[in-house]
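Dear colleague,

Please find below the structure that I am handing over to you. My notes on what was found in it follow directly after.

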Amino acid sequence: MDSTAVAAAHPNIALIKYWGNRDDALRIPQNGSISMTLAGLRTVTRVRFGDDLPSDSVVLHGAPATGEARARVTRHLDLIRQVAGLTARAEVVSASDFPTAAGLASSASGFAALTVAAAHAAGLNLSATDLSRLARRGSGSACRSIFGGFVEWAAGRDDQTSYAAPLAPADHWPLVDVVAVVSTDEKDVGSSEGHRLAATSPLQAPRLAGAEARLAACRTAIRDRDFPALAAIVEQDSDLMHAVMESSNPPLRYRLPVSLGLISAVRGWRAGGQAVCTTLDAGPNVHCLCPAAQAPAIERQLMDVAGVIRVISAPVGAGARRLAETDPLTGLL
Ligand code: PMV
């Protein structure tokens, strides 16, 4: 065979976080999560399955991937080969237009784009739900990036029941994620390892006990476009996840002093009447969520804070999709 497909996907920012698995191998989470998919930031991936290829090759950001990064992609290709009944090896080329491995969810857009491109190249014609289940096996949060807008990943109990679905379309509520980038260093401990440590924190059980109530509050806030309610639940949920991380054994500290300063600054801006709140994934960069009309002011204010390297604004965006070879986005590769 000789078959190629290209796909694009966006990262997502979790409003209610996923942290800790019931099943690490299958990436079945201990709690459900809600996110918004981010336009503007992209990963583009081309996959070619060819009988002429002696082994899988993986090029990430212009350089051949090695070690665990390559192995993770190869395992995902194996899964797709298994579903499609294929043996052909693959050539994978992928690039993103934003800093990777710094709490900007590059694994979410990466595995969503890889899943869509590889499934098409393998000749599979899968539903979005099937693609979400498969993307989850590569990186849990990738199952949410299959969809655009506001997305909920129902935890489920097994491979069949754990997948994401849209909650509301992108145009339901024009929010923007204004990301204050304070570091672009690769993180020391990635989220796959972090999920395994969650159970070592005495705070994980109480965090999980309240997850259903926080999911319900977040769904209602999105449905009603109620920013104060969203801000309260999003900040609390992020604080709970970081409390679990920081009290794990060994502890994981993703929040840097500059991140904590930004969280306080944003709380002050909100107290002063601006609609803006913060959330952090597994990295030090501070995601400031606000209605689109507020975004230019928030960008300016963030740039004035010492330690902010750069500000990236991402509105709510579309789900993962196949691209034509002629699409200008393939220029990223
Ligand atoms: O999908 P993973 O294994 O990279 O885990 C993502 C974990 C967080 O980004 C911290 C939270 C989330 O729900 O996206």
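Predicted model: local features only at pLDDT ≥ 70, side-chain atom pairs only at ≥ 80, totals over all residues.

I begin with a pair of strands. Strand β2 (residues 12–16) and strand β5 (residues 33–37) run antiparallel and are joined by four bridges. Two strands are said to pair if DSSP finds at least two bridges between them. Within this pair, Ile16 stands opposite Ile34 in β5. Strand β2 is mostly covered, with five of its five residues buried. A residue is called buried under 20% relative accessible area, exposed over 50%, and partly exposed in between, using a 1.4 Å probe and protein chains only.

Residues are numbered from 1 along each chain as its sequence is written, and side-chain values use heavy atoms, with hydrogens and water left out.

The chain as a whole

The protein chain contains ten helices and 16 strands. Its radius of gyration is 19 Å, which agrees with the value near 20 Å that a compact globule of 333 residues would have. That radius is taken over C-alpha atoms, and the globule rule is 2.2 Å times the number of residues to the power 0.38. Along its principal axes, the C-alpha trace spans about 65 × 40 × 35 Å. Of the 333 residues, 54% count as buried. Among contacts between residues at least 6 apart in sequence, 75% join residues at least 24 apart; contact means heavy atoms within 4.5 Å.

The open sheet

Six strands form an open sheet of mixed pairing, in the order β8-β7-β9-β6-β1-β16. Its edge strands are β8 (63–64) and β16 (321–323), each of which pairs on one side only. Strands of a sheet pair through backbone hydrogen bonds, either parallel or antiparallel. Strand β7 (residues 57–60) pairs with strand β9 (residues 89–96) in the parallel sense over four bridges, whereas β7 and β8 pair in the antiparallel sense over two bridges. Val59 stands opposite Val93 in β9, and the bridge partner of Val59 in β8 is Pro64. The hairpin of β7 and β8 has two residues between the strands, and His61 takes a positive phi near 55° there.

Individual residues

Where does Glu152 lie? Its place is in strand β10 (residues 150–154). Glu152 counts as buried because its relative accessibility is 14%.

Ser139 is found in the loop between α3 (128–138) and α4 (142–145). Ser139 is buried, with a relative accessible area of 4%. Leaving aside neighbours within four places in sequence, its contacts are Arg27, Arg72, Ser107, Ala108 and Phe111.

Is Asp171 buried or exposed? With 68% relative accessibility, Asp171 counts as exposed; this residue lies in the loop between β11 (163–168) and β12 (175–181).

Backbone features

Most residues other than glycine have a negative phi, and most peptide bonds are trans. Arg27 has a positive phi near 55° and is placed in the loop between β3 (21–23) and β4 (28–29). Arg27 is buried, with a relative accessible area of 12%. Arg225 also has a positive phi, near 50°, and is found in the loop between α7 (211–223) and α8. Arg225 counts as partly exposed, at 46% relative accessibility. Finally, a cis peptide bond with omega of about 0° joins Asn249 and Pro250, and Pro250 is found in the loop between α8 (227–246) and α9 (257–271).

With kind regards
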